[in-house]
Amino acid sequence: MQPIYSRIATLIKRAKVPRRRASIEAGLSPAAIQNLIDRKGSPSLPTAAALARTFGVPEEWLVHGVGDDPDPSVVKTSIEAAWRARPPRARKGRRKIEEAS
C-alpha cells in the first residue's frame, strides 16, 4: 500500500494539473499539496476531505489506501469540474498558473 503522500502525487499526475492549481481547487493554500508530498506532515481530516472531493476519489482511499485506484479519467474530470464551479473572477489568473508549469 502506498503512503498518503504517494497517493496525492499519483492524483496530481492523473489529473495532469500543476500542484499549485490542485491546491487552489481544493481550497487550500498554494503550498499545501507540496508540503504533503514533501512529507511535511499529514493532512487534517478537512484537508483530506477537500482533496478527495476535488479529485473525485473516496476519502477512505485517499487517507488509508483502501479500495481500487481511481480511474484517471474520473480524476481529470473531477478537477476540471472543480475549476468550472469556481466563480469566473476566481479563475482569472488560472491560465497564467497553468502556462507557467
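## What "partly exposed" means

A residue counts as partly exposed when its relative accessible area falls between the buried range, under 20%, and the exposed range, over 50%. Glu 80, at 30%, is therefore partly exposed. Keep in mind that we're looking at a predicted model here.

## Three salt bridges

This structure has three salt bridges. One of them pairs Glu 80 with Lys 76, with 3.4 Å between the closest N and O atoms. Both partners sit in helix 6, four residues apart, so about one helical turn separates them. Lys 76 is partly exposed too, at 26% relative accessibility.

Another bridge links the side chains of Glu 25 and Arg 21, at 3.6 Å from N to O. These two are in helix 2 (residues 19-25), again about one turn apart. Glu 25 is buried at 8%, and Arg 21 is buried at 9%.

Then there's Arg 14 with Asp 69, at 3.9 Å from N to O. Arg 14 belongs to helix 1 and Asp 69 to the loop between helix 5 and helix 6, so this pair ties together parts 55 residues apart in sequence.

## The nonpolar core

Which residues touch the most other members of the largest nonpolar core? Out of its 24 residues, they are Ile 8, Leu 51, Phe 55, Val 57 and Leu 62. Helices 1, 3, 4, 5 and 6 each supply at least two core residues, and helix 1 gives the largest share, with six.

Take Leu 51: beyond its sequence neighbours, its contacts include Ile 8, Ile 33 and Leu 62.

## A buried serine

Back in helix 6, we find Ser 78.

Definitions and conventions. Residues are numbered from 1 along each chain as its sequence is written. This is a predicted model: local features need pLDDT of at least 70, side-chain atom pairs count only at pLDDT 80 or more; totals for chains, interfaces and linings use all residues. Side-chain values use heavy atoms; hydrogens and water are left out. A nonpolar core is a set of buried Ala, Val, Leu, Ile, Met, Phe, Trp, Tyr and Cys residues joined through side-chain atoms within 4.5 Å. Buried means under 20% relative accessible area, exposed over 50%, partly exposed in between (1.4 Å probe, protein chains only). Contact means heavy atoms within 4.5 Å. A salt bridge is a side-chain nitrogen of Lys or Arg within 4 Å of a carboxyl oxygen of Asp or Glu. Lists of a residue's contacts leave out its neighbours within four places in sequence.
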